[in-house]
Amino acid sequence: MPEDTAPIDFSGLIREGDLVVCGQATAEPVTLTEALMAQAGELPAFRMMVGPIFSETFSAACAPNVSFQSYGVIGNARRLAKAGRLDVIPSSYSAFCSDFSARRHRADVVLVQLAESGGRLSASLSNDYVISAARGARLVIAEVNPDAPFTFGAEWPEDVPIHVRVVARRPPVELPSPPLDEVSRRIAAHAAGLIADGSTLQFGVGRIPDAILSSLSHVRNLGIHSGLINDAVVDLIERGAVTNAEKGIDAGITVTNQVIGTNRLYRFVHENTAVAVRPTSYTHGQGVLARINRLVAINSALQVGLDGSVNSETLNGVAIGAIGGQLDFVRGANASPGGRAIIALPATASDGTSRIVAHVETVTTPRADVDAIVTEWGIAELRGCGLAERARRMIAIAAPEHRDLLSEQLRGSAR
């Protein structure tokens with residue numbers, strides 16, 4: 001199929017009420033999404049399904065005839081949420097993806113970024129719900145990006161037709177690692193003590209996961225089985241800390257669902273047989289995770305309650321986060337031989353309020369699944385602890401200026 005180098009015209013392609021699904025995070029096909037948003041005001045009303053947004057494509061001021069949906073509020077999706085334009089589907093990431101496979105979500109139009117090598121196509125930076133969405137879509141438009149890495153495990157299925165191909169006009173979206181600060185380094189110093197030689201790591205995006213990864217150069221024979229990988233993984237591999245030799249499955253292979261970083265990472269994964277970008281059913285599947293040796297899940301939160309309940313979704317009734325893969329990986333790590341489930345967060349929010357609270361407003365990970373909570377003030381080991389002991393341990397890792405109030409709130413709730 002010939003590729004079109006001219007800007008695509010969406011008139012006649014988008015129909016009234018269509019659900020348009022596009023690649024998420026760094027897999028966003030920006031040439032296509034920018035053109036769609038530029039033309040949106042002249043098109044029939046349609047719905048747009050987005051994931052994490054790290055581009056500048058989707059403005060809160062974009063055409064009012066477009067409504068947005070997502071499984072969470074991550075990155076620049078917060079602009080849409082703040083403007084009241086984002087409808088959040090409260091699903092875990094694995095459930096959200098499987099809903100496309102089961103046709104509970106039905107895409108009409110799919111926009112995808114692909115890489116090409118030797119006539120083969122790859123979904124490149126993400127092996128998520130887009131392929132399942134495309135399988136049942138009326139129209140699949142592919143942006144073939146010469147700067148996108150060809151990744152193994154994410155090959156585009158031959159039975160999923162591509163109806164229109166265009167050439168990308170810019171390289172893939174990049175997400176540089178944020179600079180580390182003193183709080184994240186202190187958190188990392190505590191968390192690193194929970195990660196033994198031979199552990200397999202899962203982690204998310206952000207300053208704290210990056211700080212923890214950067215503190216692990218002394219650990220040996222680490223493995224990676226994660227929802228994403230970033231530039232920090234390249235550092236660990238090049239330093240010899242990651243060998244993937246003791247995972248129990250996928251020996252020698254770094255396994256991920258998404259690749260989120262900079263061009264350095266993209267060049268590293270390009271046609272690299274030691275990296276597999278696998279579908280969510282594999283990266284997040286409980287049966288798979290339970291087979292991994294010493295799986296250490298590293299996730300963050302907005303709040304943690306004195307009973308250990310974790311909130312990663314809302315503050316003051318406003319959605320500013322996501323369920324994501326947290327519960328999948330917490331439960332997977334708990335089922336893994338020698339596994340650990342770490343929730344790491346600063347003890348204090350940017351406005352000075354405590355992130356250790358008497359009661360969370362939304363429960364993302366239930367207290368029954370929680371293992372270890374880490375702040376800059378220490379580690380609260382909660383697995384197997386009663387409620388009174390949990391509260392004591394949680395107060396001990398809260399910021400000192402908030403401990404007395406938390407103790408008073410605990411006594412008040414006991415009356």
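Colleague: What makes strand S2 (residues 46-49) and S3 a pair?

Modeller: Two strands pair if DSSP finds at least two bridges between them, and four bridges join S2 to S3, so they pair by that rule. The two strands run parallel, and Arg47 stands opposite Ser67 in S3. This is a predicted model, in which local features need pLDDT of at least 70 and side-chain atom pairs count only at pLDDT 80 or more, while totals for chains, interfaces and linings use all residues. Residues are numbered from 1 along each chain as its sequence is written, and side-chain values use heavy atoms, leaving out hydrogens and water.

Colleague: How do you know that S3 and strand S4 (residues 86-88) pair?

Modeller: Three bridges link S3 with S4, in the parallel sense, and Phe68 stands opposite Leu86 in S4. The name "strand" itself means a DSSP run of E with at least two residues, and a helix is a run of H or I with at least four, each numbered from the N terminus.

Colleague: Which strands stand at the edges of the open sheet, and why?

Modeller: The sheet has eight strands in the order S12-S11-S10-S9-S13-S18-S20-S21, with mixed pairing. Strand S12 (275-277) and strand S21 (378-381) each have a single partner strand, so one side of each is left without a neighbour in the sheet. From one strand to the next the twist averages 20 degrees. Further in, S9 and strand S10 (residues 223-229) pair in the parallel sense over two bridges, and Leu201 has Ile224 in S10 as its bridge partner.

Colleague: What angle does helix H11 (residues 326-335) make with S13?

Modeller: H11 runs at about 150 degrees to S13 and lies across S9, S10, S13 and S18. Axes are lines fitted to C-alpha atoms, for helices over the stretch in contact, and angles run from 0 to 180 degrees between N-to-C directions.

Colleague: Why do the buried residues of H12 line one face?

Modeller: In helix H12 (residues 387-396), the buried residues are Arg390, Ala391, Met394 and Ile395. Seen down the axis of H12, they fall within an arc of 130 degrees, so they line one face of the helix; the arc is taken over directions from the helix axis to the C-beta atoms.

Colleague: Which residues line the largest cavity?

Modeller: Gly23, Ala27, Val112, Gln113, Ala123, Ser126, Asp128, Val130, Ile131 and Trp156 do. On a 1 Å grid over the protein atoms alone, a cavity is a set of points where a 1.4 Å probe fits but cannot get out, and lining residues have an atom within 4 Å of a point. The largest cavity holds about 60 Å³ of space, and strand S5 (109-117) and helix H4 (130-135) each supply at least two residues of its lining. Volume here is the space filled by probe spheres set on the points, which are joined across faces, edges and corners. Searching the whole structure gives two cavities of 30 Å³ or more.

Key
Buried < 20%, exposed > 50% of the residue type's maximum accessible area, 1.4 Å probe, protein only. Contact = heavy atoms within 4.5 Å. 1 Å grid on protein atoms, 1.4 Å probe; cavity = no way out; pocket = protein on both sides within 12 Å on 5 of 7 lines; lining within 4 Å.
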